[in-house]
Amino acid sequence: MGVIVITGGSRGIGASAAEHAARCGMGVILTYNQHPEDADDVVRRIERAGGKGVALNLDVADVESFKGFRDAILLVLRETWGTSTLSGLVNNAGYGLFNPLASVSEAQFDGLFKVHLKGPFFLTQTLLPLLEENASIVNLTSATTRVATAGVAPYAAFKGGLEVLTRYMAKEFGDRRIRVNAVSPGAIRTELGGGLNDEFEAMLAEQTALGRVGEPEDVARVIAMLLSQDGAWINAQTIEVAGGYII
Ligand SMILES: NC(=O)c1ccc[n+]([C@@H]2O[C@H](COP(=O)([O-])OP(=O)(O)OC[C@H]3O[C@@H](n4cnc5c(N)ncnc54)[C@H](OP(=O)(O)O)[C@@H]3O)[C@@H](O)[C@H]2O)c1
C-alpha cells in the first residue's frame, strides 16, 4: 500500500480517515491549519496502532503556498517512506458557516469558495504529478447538495461544484488510471460549524432513517475503502454517507 495525503486531518472526519487508512496499511500525510497539537495527537495514535503518519501545515485557501507544500511532501516521502509518489489524495479540509443567503457577505462567500472549491481544484492540480497510476482521489462534499438546508447556500453551492468537478477529474485523469469520487456526508458529530447541540442533534436523528446522526468513523470507513483496492472499480461517483437522511 502507498502513501496518501489527507487535508484537514487534524480533527473530525479527516482525523478518523487518517487513522482508518493507516490501519489499512497506508502511510498517511495529514495536514492541519490552526491546530498542530491535534494533528500531533493523530500522528501519535497512528504510531501507537503500528502505522506511520506525518503532519504538515496547509491552508487550503492559500493557493500560492501549494508548490511549497508539494516540495514538503516530496521531502517527507523520501525521508519517511523512501518513495516519491502518492497513492491517494483526500480533499477533506473545510469549515461551516451558518448565515441566511440574504445576509451573506462577499468576504464570507469568497472564504467558502477558496476552501471548498478553488483550493481542492488547484491542490489536486499541483499534486497530480506525484500521483501514481491507480491512485484514488476522494473529495468531501455534503448532503446539503441534495437537500436544501437554509443558511448554508454558498457552502452547499461550492460542494455541488466539487461534485461536478469530481466527474471532470475522473474523466481527465482516467488515462492515468486515477479514480476520483466524492463522499457526501450527512450530519456528522464533529466540531464543524460549532458542532451539534442536543436539540439540533435530536432533530437530525429524527430526519434520518437509521435514527441517529453519523460519527466520523462512519464516513472514514468509506473514504478508506475508496482509497484501497476494494474501491478499484468505483469511479466518478458521489456516495452519500448519511444513514438515509431526509429520504
Ligand atoms: N461534520 C459534518 O456534519 C459534515 C457534513 C457534510 C460534509 N462535511 C465535510 O467534511 C469535511 C470535514 O469536516 P469535519 O466535520 O470533519 O470538520 P472539522 O471537525 O471542523 O475539521 C475540519 C478540518 O479542516 C481543517 N481546516 C479548516 N479550514 C482549513 C483551511 N483553510 N485550510 C486547511 N485546513 C483547514 C481543520 O484544521 P485545523 O483544525 O488544524 O485548523 C480540521 O482539520 C469538510 O469538507 C466538511 O465540509 C462535514
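# Briefing: ligand shell, aromatic pairs and a helix residue

The UniProt record, an unreviewed entry, assigns the feature "domain: Ketoreductase" to residues 2-199. The structure discussed here is a predicted model.

**Ligand surroundings**

- The ligand is surrounded by 30 residues, of which Ser10, Arg11, Asn92, Tyr155 and Thr190 are the closest.
- By residue class, the shell around the ligand comprises 12 nonpolar, 14 polar and four charged residues.
- At least two residues of this shell come from each of helix H1 (12-23), helix H4 (106-127) and helix H5 (153-173).

**Polar contacts and burial of the ligand**

- Asn92, one of the closest residues, has a polar backbone atom 2.7 Å from an oxygen atom of the ligand.
- A polar backbone atom of Ile188 lies 2.8 Å from an oxygen atom of the ligand.
- The side chain of Asp59 places an N or O atom 3.0 Å from a nitrogen atom of the ligand.
- The ligand taken alone exposes 900 Å², and the protein buries 94% of that area.

**Aromatic pairs**

- A pair of aromatic rings is described by the distance between the centres and the angle between the planes.
- The structure contains three aromatic pairs.
- The ring centres of Phe109 and Phe158 are 5.0 Å apart and their planes stand at 80 degrees; this pair is therefore edge-to-face, since the angle is over 60 degrees.
- This pair connects distant parts of the chain, with Phe109 in helix H4 and Phe158 in helix H5, 49 residues apart.
- Ring pairs join Phe109, Phe158 and Phe113 into a cluster.
- Phe109 has a relative accessibility of 38% and so counts as partly exposed, the range for that class being between 20% and 50%.
- Phe158 has a relative accessible area of 7% and is therefore buried.

**Asp218 in helix H7**

- Asp218 belongs to helix H7, which spans residues 216-227.
- Because its relative accessible area is 19%, Asp218 counts as buried; the cut-off for this class is under 20%.
- Asp218 and Ala22 are 196 residues apart along the chain, and their C-alpha atoms are separated by 16 Å.

Terms used: Residues numbered from 1 in each chain as written. Predicted model: local features only at pLDDT ≥ 70, side-chain atom pairs only at ≥ 80, totals over all residues. Heavy atoms only, no water. Near = heavy atom within 4 Å. Polar contact = N/O pair within 3.5 Å; in protein donor to acceptor, adjacent residues only side chain to side chain. Areas by Shrake-Rupley, 256 points an atom, 1.4 Å probe, with all protein chains shown as cover. Helix = DSSP H or I, 4+ residues; strand = E, 2+ residues; numbered from the N terminus. Nonpolar A, V, L, I, M, F, W, Y, C, P; charged D, E, K, R; others polar. Phe/Tyr/Trp six-rings, centres within 6.5 Å; stacked < 30°, edge-to-face > 60°. Buried < 20%, exposed > 50% of the residue type's maximum accessible area, 1.4 Å probe, protein only. UniProt positions renumbered as here; feature names shortened; annotations may be inferred.
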